[in-house]
Amino acid sequence: MCLEQSLVNHCSPTLAGIKVASLYRFLMEDRQEFARDYKRLRRKLSRQGLELVVLKGCRDSGSFLLYVYRPAELERLLAEPETAAYLTEQGYDLTRGLRGTLCQLVARVCFQETFPHEIGLFLGYPLEDVRGFVEHEGRDYTYRGLWKVYGDPAAAQRRFSSYRSCTEDYRRRYAAGTPISKLIVA
């Protein structure tokens, strides 16, 4: 699967502007092709208000953890008082700006023994769900969908349904020949 198609398959809600960010694992087949496609896609997305970054790469498997996000929206989300307080409690220095905060996240993804649960906040998960997951150690959730929910299950079901519908629509449109640039909502 090509990088652009994988982006549509895994990041449609972010491309559509209904989710602040998406994260997925991409397995490359050819290093040079990946580098070329990655640079081209980064430029294309950047022109439309999105950023594409590699959070982590594995030379042995040839896989990359790719993160697509909307910088302005992510910055606003992480600056919400309760979210900022939680990230500060987790050891983040938010005075370094969005780039600095993302660098801290990358360091945690790459060097911590366990995956940092606060990454959910960087993906637009509700703070209540991130806290609930940590406090309950992944148990006692009210609903399980794209992530474990610790708040209102009906609201989560609606959110997950909108993400699934968006992804199905984007996959269909992309397969029919709509270029990714036309799928991105600025």
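## Helix 1

Helix 1 (residues 3-15) spans only 14 Å between its end C-alpha atoms, whereas a straight helix of 13 residues would span 18 Å at 1.5 Å a residue; the expected span is 1.5 Å times one less than the number of residues. Helices (H or I, at least four residues) and strands (E, at least two) are DSSP runs, numbered from the N terminus. The model is a predicted one, in which local features need pLDDT of at least 70 and side-chain atom pairs count only at pLDDT 80 or more, while totals for chains, interfaces and linings use all residues. Residues are numbered from 1 along each chain as its sequence is written, and side-chain values use heavy atoms, with hydrogens and water left out.

Helix 1 has a kink of about 60° at asparagine 9, shortly before proline 13; the bend at a residue is the angle between axes fitted to the seven residues ending there and the seven starting there. Just after helix 1, glycine 17 adopts a positive phi of about 85°.

Helix 1 is largely enclosed by the rest of the structure, because 11 of its 13 residues are buried. Buried denotes under 20% relative accessible area, exposed over 50%, and partly exposed in between (1.4 Å probe, protein chains only). The buried residues of helix 1 include Leu3, Leu7, Asn9, Cys11 and Pro13. Contacts (heavy atoms within 4.5 Å) link the buried residues of this helix to strand 1, helix 2 (31-46), strand 2, strand 3, helix 8 (153-175) and helix 9 (180-183).

Three strands form an open sheet in the order 1-3-2, with antiparallel pairing. Strand 1 and strand 2 are the edge strands, each pairing on one side only. From one strand to the next, the twist averages 20°. Axes are lines fitted to C-alpha atoms, for helices over the stretch in contact, and angles run from 0 to 180 degrees between N-to-C directions.

Helix 2 packs on the sheet, touching strand 1, strand 2 and strand 3, and its direction makes about 150° with that of strand 2. Helix 5 (residues 97-111) also packs on the sheet; it touches strand 2 and strand 3, and its direction makes about 155° with that of strand 3.

## Strand 3 and its partners

Two strands count as paired if DSSP finds at least two bridges between them. Strand 1 (residues 21-27) pairs with strand 3 in the antiparallel sense over 7 bridges. Within strand 3, leucine 66 stands opposite tyrosine 24, and tyrosine 67 is the bridge partner of leucine 23. Strand 2 (residues 51-58) is likewise antiparallel to strand 3, with 7 bridges joining them; lysine 56 has leucine 65 of strand 3 as its bridge partner. Strand 2 and strand 3 form a hairpin with 4 residues between them, and glycine 62 in the turn has a positive phi of about 75°.

In a regular strand the side chains alternate between the two faces of the sheet. Ser63, Leu65, Tyr67 and Tyr69 point one way from strand 3, and Phe64, Leu66 and Val68 the other way, with all of them buried. Strand 3 (residues 63-69) is thus mostly covered, with 7 of its 7 residues buried.

## Cysteines

With a disulfide taken as a pair of cysteine sulfur atoms within 2.5 Å, the count comes to 0 disulfides. Cysteine 58 is in no disulfide, and the nearest cysteine sulfur, that of cysteine 110, is 11 Å away. Cysteine 58 is partly exposed, with a relative accessible area of 34%.

Cysteine 166 counts as buried at 11% relative accessibility. Its sulfur is 11 Å from the closest cysteine sulfur, in cysteine 11, which is too far for a bond.
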